[in-house]
Amino acid sequence: VSELREWRPVIYRKCTDTLWLLLFFLFWVGLMFITGYAVMAGAAERLVLGYDSFGNVCGRKNTPVKGAPLSGQDMTNKKYVFFLNSCSLEMQSLKISSLSLCVSSCPQEQLNSLEDLQSFARNNGSCLCVYNLNISSYTLNPKAAELCPTLPVPPSKSFPLFNRCVPQNPECYSKYASVLISMVNEMDVFHRILSGILAGRDTVIGLSVLALAFSFILVLAFRFIRTLLVHTLIALVVFGLLFVSGVLWWLYYDYRNDPSTELETEKENVKFLLGYAIFSTIVTVVLLSLTFVLRKRLQFTVQLFRIVGKIIGRIPFLLFQPLWTFLILIVFWVFWVAVLLSLGTAGTAQTTSGGQVEYRALSGICYMAWYHFIGLIWTSEFILACQQMTIAGAVVTCYFNRNKNSPPAHPVLSSISVLFCYHLGTAVKGSFLITILRIPRIVLLYLYNILKQKESACAKCLFKCCFCWFWCQESCLRYINQVHSSISLSLN
């Protein structure tokens with residue numbers, strides 16, 4: 001009688017979804033073309049360093065622009081952008097109307113007269129008037145009032161993000177900030193992304209590092225305090241839901257009995273509070289019921305965490321796999337942002353009246369930006385899919401090893417080699433399907449933000465239903481993708 005063969009993961013494999021891998025390669029050829037175009041036509045330093053009204057980028061040497069006599073100056077020591085009319089800025093066609101200059105330092109004290117401007121220029125070497133006006137002519141030239149900043153000049157401080165001189169006077173600061181906010185609101189989504197990335201780069205980096213540290217702590221908790229962790233998580237979920245439901249009902253009761261609630265908007269808020277309170281209560285009751293019915297299954301969860309702990313003990317390099325993925329994502333995101341900055345500043349210099357220079361965007365940039373944006377989502381999802389398949393392959397190899405005395409050598413590296421040799425196409429296909437569902441959600445969110453002031457309650461409900469439907473589809477597809485692509489391919 002022939003001996004029954006013990007089951008084990010398949011050894012002899014073949015390449016899967018090769019056409020999808022070829023499609024991804026062609027897509028990245030397009031991304032490389034956009035990258036080359038952005039590097040050649042763009043000037044990200046204009047956005048980061050700032051530039052004056054004559055086409056000079058602050059903090060570097062510049063080449064002359066035809067028709068602009070004050071362009072092409074050496075601004076190596078002049079790193080800050082100073083607006084001559086910082087207290088009364090105005091927006092005209094997404095442009096700030098005030099004349100701007102590159103200066104070596106921002107005025108720390110208020111300057112009340114032309115003599116003060118002259119003294120500041122001589123003592124600090126920072127000229128706050130137009131470049132072709134000599135320091136000695138500040139008080140003699142009859143056109144000095146037009147070529148110098150509006151008096152009095154408020155004290156200002158260099159803003160660390162864009163190297164702009166921001167006025168410190170409360171009234172001037174509020175006007176300055178309101179103009180910048182209105183400029184961002186009037187921009188298209190492409191330039192809003194640029195502004196958001198640059199404005200929140202420190203926050204994004206800090207939260208990413210915090211999430212990475214929290215992930216390591218959670219993994220270590222799975223390893224050493226499994227039972228306590230399960231019960232703690234359940235307790236936090238239960239008390240959190242009870243707390244949210246109680247707060248919502250208390251707010252509803254408080255607003256309903258408030259005699260000052262007379263406006264229609266306030267009455268609508270009361271109705272929304274009632275709806276949220278009922279929904280939260282239903283979710284709380286359902287989860288509490290499931291927790292009570294499945295309380296005997298908690299030991300199964302603890303056992304599952306125990307197996308996870310054993311796997312991590314056998315493959316300690318699994319703890320570093322999220323770190324490698326994190327570093328790869330950071331490198332890709334930095335590359336993506338650099339190309340986006342270059343695309344956002346790709347424009348031709350054109351002279352206007354008075355020898356000033358404006359940069360106008362080239363045609364077709366918007367379509368390149370959307371292509372580049374799709375590349376962000378697709379490539380990010382592809383990197384995450386590769387991580388999932390690597391972890392699944394390593395865990396399957398170790399878990400189904402029948403000879404416990406001879407564990408497999410280098411299961412993580414073996415899983416990575418199998419992924420790169422056979423299953424990259426499948427990771428590409430799964431990440432593309434998730435991208436297809438994610439992009440409509442982003443477009444709907446963008447349309448919702450544009451039309452939220454004009455649409456009716458029915459349209460709001462329709463938008464939210466579409467959000468919910470796409471989210472459910474994406475979640476289900478992500479789960480199927482993990483089970484099929486990561487686990488099934490690792491097994492068979």
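Q: Is Leu294 buried, exposed or partly exposed, and what is its relative accessibility?
A: In this predicted model, Leu294 counts as partly exposed, because its relative accessibility is 44%, and its place is in the loop between H9 and helix H10 (298-314).

Q: Which residues form a nonpolar patch on the surface?
A: Leu294 is one of them, and the others include Val237, Trp249, Ile278 and Phe292, with about 900 Å² of accessible area for the patch together. The elements that give two or more residues to this patch are helix H8 (226-256) and helix H9 (264-293), and H9 gives the most, with seven residues.

Q: OK, new topic: how many disulfides does a search of the whole structure find?
A: Such a search finds four disulfides, and one of these links joins Cys58 and Cys102, whose sulfur atoms are 2.0 Å apart. Cys58 lies in the loop between helix H2 (44-49) and strand S1 (80-83), while Cys102 lies in strand S4 (residues 100-103), so the pair ties together parts that are 44 residues apart in sequence.

Q: And are those two buried or exposed?
A: Cys58 is buried, with a relative accessible area of 1%, and Cys102 is buried too, with a value of 0%.

Q: Where does UniProt list a "transmembrane region"?
A: The unreviewed UniProt entry lists several, among them residues 20-44 and 232-253. In the model, residues 232-253 are 100% helix, with end C-alpha atoms 31 Å apart.

Definitions and conventions
Residues are numbered from 1 along each chain as its sequence is written. This is a predicted model: local features need pLDDT of at least 70, side-chain atom pairs count only at pLDDT 80 or more; totals for chains, interfaces and linings use all residues. Side-chain values use heavy atoms; hydrogens and water are left out. UniProt positions are given in the numbering used here, feature names are shortened, and annotations may be inferred rather than shown by experiment. Helices (H or I, at least four residues) and strands (E, at least two) are DSSP runs, numbered from the N terminus. Patches are made of residues with over 30% relative accessible area and no salt bridge: like charges are joined within 9 Å, nonpolar side chains (Val, Leu, Ile, Met, Phe, Trp, Tyr) within 5 Å. Accessible areas come from the Shrake-Rupley method with a 1.4 Å probe; for residues, only the protein chains shown count as cover. A salt bridge is a side-chain nitrogen of Lys or Arg within 4 Å of a carboxyl oxygen of Asp or Glu. Buried means under 20% relative accessible area, exposed over 50%, partly exposed in between (1.4 Å probe, protein chains only). A disulfide is a pair of cysteine sulfur atoms within 2.5 Å.
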